[in-house]
Amino acid sequence: MSTELVATIPGSKSLTNRALFAAAAAGGASLIRRPLISDDTLAFARCLRALGYAVDDRDPHTWRVTSPGGGPAAARAELDCQDAGTAARFLPALAACGRGSFRFDGSDQLRRRPLGPLLNVLRALGARIDPVGATRDLPFEMRADGLAGGEIHMDAGLSSQYLSALLLSAPLMDKPLVTRVRALVSSPYIDMTIGLMRRFGVGVDRRPDGTLAVRPGSYRAADIDIEPDASTASYFFAAAVLTGQTVTVPGLGSGSGQGDLRFVDVLSTMGADVEISATHTTVAGPARIRGGFSVDMGDISDTFMTLACLAPFADGPVHIHGIAHARLKESDRVEVVARNLTSCGVAVETGPDWMRIHPSRPSGALVACHRDHRIAMSFSVLGLRTPGVELDDEACVSKTFPGFHDEFARLFGDRRERSARV
Ligand SMILES: O=C(O)C1=C[C@@H](OP(=O)(O)O)[C@@H](O)[C@H](O)C1
Ligand SMILES: C=C(OP(=O)(O)O)C(=O)O
């Protein structure tokens with residue numbers, strides 16, 4: 001019989017950091033309710049403070065951002081983006097709208113991630129950006145004197161975050177910005193950016209030729225609620241499928257602005273019973289997990305690892321494609337998932353932008369997380385039906401969900417008890 005479990009999922013990282021950006025650029029006081037409190041959002045808030053914005057994150061339920069509006073007031077700042085891709089992509093575009101010298105850096109992991117296409121556009125719009133030392137992108141030194149706007153051409157095949165950064169900063173530019181991009185990956189995040197900007201009073205025109213246009217103007221301070229993180233919810237929905245239970249996530253429903261909620265469509269293909277209402281999403285695990293399908297996860301690549309850890313239990317192979325850009329995240333996720341699945345005795349094949357997982361009976365292994373929160377959380381799902389799965393770095397989940405292991409254990413039992421039951 002299926003037990004109904006209600007998961008408490010913290011706020012969306014992507015919405016929290018976009019809201020922080022817009023609130024900083026807006027004149028007045030904005031309230032961000034139920035923000036995600038994790039390494040990535042705290043790093044973003046600290047960087048905004050370094051740029052001269054007042055971000056009060058003392059109340060865990062409601063963050064308050066107070067700003068005169070516009071680009072940063074600071075004339076000099078050192079920005080440590082830590083591991084946060086959103087900080088390293090969005091904040092250079094904000095800083096470039098100010099006047100001053102800004103040095104950007106991040107962790108070793110972030111230094112390996114590409115920024116080139118975005119930095120080249122910022123240069124073309126007026127920022128001077130020089131690498132520090134022999135590195136490719138981060139760390140770099142920026143001399144900012146405002147951004148001109150105008151029409152830009154960019155390749156967004158490595159990350160959609162470059163385009164989100166330009167759209168978010170566009171109202172602060174001198175002239176209208178028109179963006180013409182090729183090869184856009186992770187496109188639902190652009191819809192999220194446009195939706196969030198609208199909530200702060202800024203419109204983005206979608207033109208029939210596929211370009212996006214934003215006029216100079218002002219963000220309006222807002223009071224917004226952050227919905228639970230859909231990528232994080234994927235581990236709990238996948239756990240429902242693996243354990244044959246029912247998991248509900250309140251607050252994540254049909255009005256969600258997060259593309260990763262589409263992960264539940266993949267679970268439905270696997271036989272799960274899925275209900276998305278206005279107020280919640282519920283996934284009930286099937287009696288048999290169906291495989292034998294191919295799925296393009298290019299738009300929702302943060303959830304491909306969740307699927308890869310569920311796939312060995314399906315009754316046919318699962319082919320995942322469109323995930324080349326997932327090699328450029330916290331780790332080379334295609335490679336790291338394949339190696340860890342292989343260590344667990346799962347038959348896997350990979351190519352440049354795909355992975356095929358064959359039905360297997362996984363066995364326990366020490367999972368190499370590579371400081372990648374999603375590797376830790378995805379393999380925790382595999383561990384629900386695999387005794388002896390251990391993570392070499394449990395703490396790396398703090399990038400997006402510091403309380404992950406507690407919430408997982410509260411719903412599905414402690415790992416050792418689970419192993420004894422399997
Ligand atoms: O804009 C965002 O908030 C994000 C966009 C995606 O990155 P890419 O566009 O690099 O795929 C996603 O993987 C990341 O977790 C968050
Ligand atoms: C890719 C991710 O993060 P970011 O790009 O925001 O660092 C992620 O959270 O999986």
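Hi everyone. Let's begin with a pair of residues: Ile129 sits opposite Met142, which belongs to strand β8. Before I go on, please keep in mind that what you see is a predicted model.

That pair belongs to the strand pairing of β7, residues 128-131, with β8, where four bridges hold an antiparallel arrangement. Strand β8, residues 140-145, also pairs with β6, residues 99-105; those two run antiparallel as well, joined by six bridges. If you want a landmark there, look for Arg103, which faces Glu141 in β8.

Now let me move to another sheet. In what order do the strands of the open, four-stranded sheet come? The order is β3-β4-β2-β13, and the pairing is mixed. At the edges you find β3 (54-56) and β13 (223-225); each has a single partner strand, so one side of each has no neighbour in the sheet. From one strand to the next, the twist averages 15 degrees. As for the partner of β13, strand β2, residues 28-33, pairs with β13 in the parallel sense through three bridges. Within this sheet, Ile32 is placed opposite Ile224 of β13.

Let's step back to the overall layout. The domain assignment gives domain 1, residues 12-213, and domain 2, residues 228-421. Taken over C-alpha atoms, their centres are 29 Å apart. The contact between them uses 21 residues from domain 1 and 18 residues from domain 2. On the domain 1 side, helices α1 (13-25), α2 (39-50) and α7 (188-199) each bring at least two residues. Which of these gives the most? That is α7, with five residues. Sorted by class, this side of domain 1 has eight nonpolar, seven polar and six charged residues.

On to the ligands. Among the residues around ligand 1 are Ser14, Thr86, Gln161, Ser164, Tyr189, Asp302 and His325. The whole shell around ligand 1 divides into nine polar, two nonpolar and one charged residue.

Two of those names, Gln161 and Ser164, take us to helix α6, where they are both buried. Helix α6 covers residues 161-169 and is mostly covered, with nine of its nine residues buried. Leu163, Leu166 and Leu168 are included in that buried set.

I'll finish with a single residue, Cys369. You will find Cys369 in the loop that runs between β21 (366-367) and α12 (373-382). Is Cys369 buried or exposed? With 24 other C-beta atoms within 10 Å, Cys369 is buried. Leaving aside residues up to four places away in sequence, Cys369 touches Ile375, Ala376, Leu391, Asp392, Asp393 and Cys396. Take Asp392 from that list: Cys369 and Asp392 are 23 residues apart in sequence, while in space they are 6.3 Å apart, C-alpha to C-alpha.

Key
Residues are numbered from 1 along each chain as its sequence is written. Chains are lettered from A and ligands numbered from 1 in the order in which they are written. This is a predicted model: local features need pLDDT of at least 70, side-chain atom pairs count only at pLDDT 80 or more; totals for chains, interfaces and linings use all residues. Two strands pair if DSSP finds at least two bridges between them. Axes are lines fitted to C-alpha atoms, for helices over the stretch in contact, and angles run from 0 to 180 degrees between N-to-C directions. A residue is near a molecule or strand if its C-beta atom, placed from the backbone, lies within 6 Å of it. Ala, Val, Leu, Ile, Met, Phe, Trp, Tyr, Cys and Pro count as nonpolar, Asp, Glu, Lys and Arg as charged, and the others, Gly among them, as polar. A residue is buried if 20 or more other C-beta atoms lie within 10 Å of its own, exposed if 12 or fewer, and partly exposed in between; C-beta atoms are placed from the backbone. Domain bounds come from an automatic or database domain assignment. Two residues are in contact if their C-beta atoms, placed from the backbone, lie within 7 Å.
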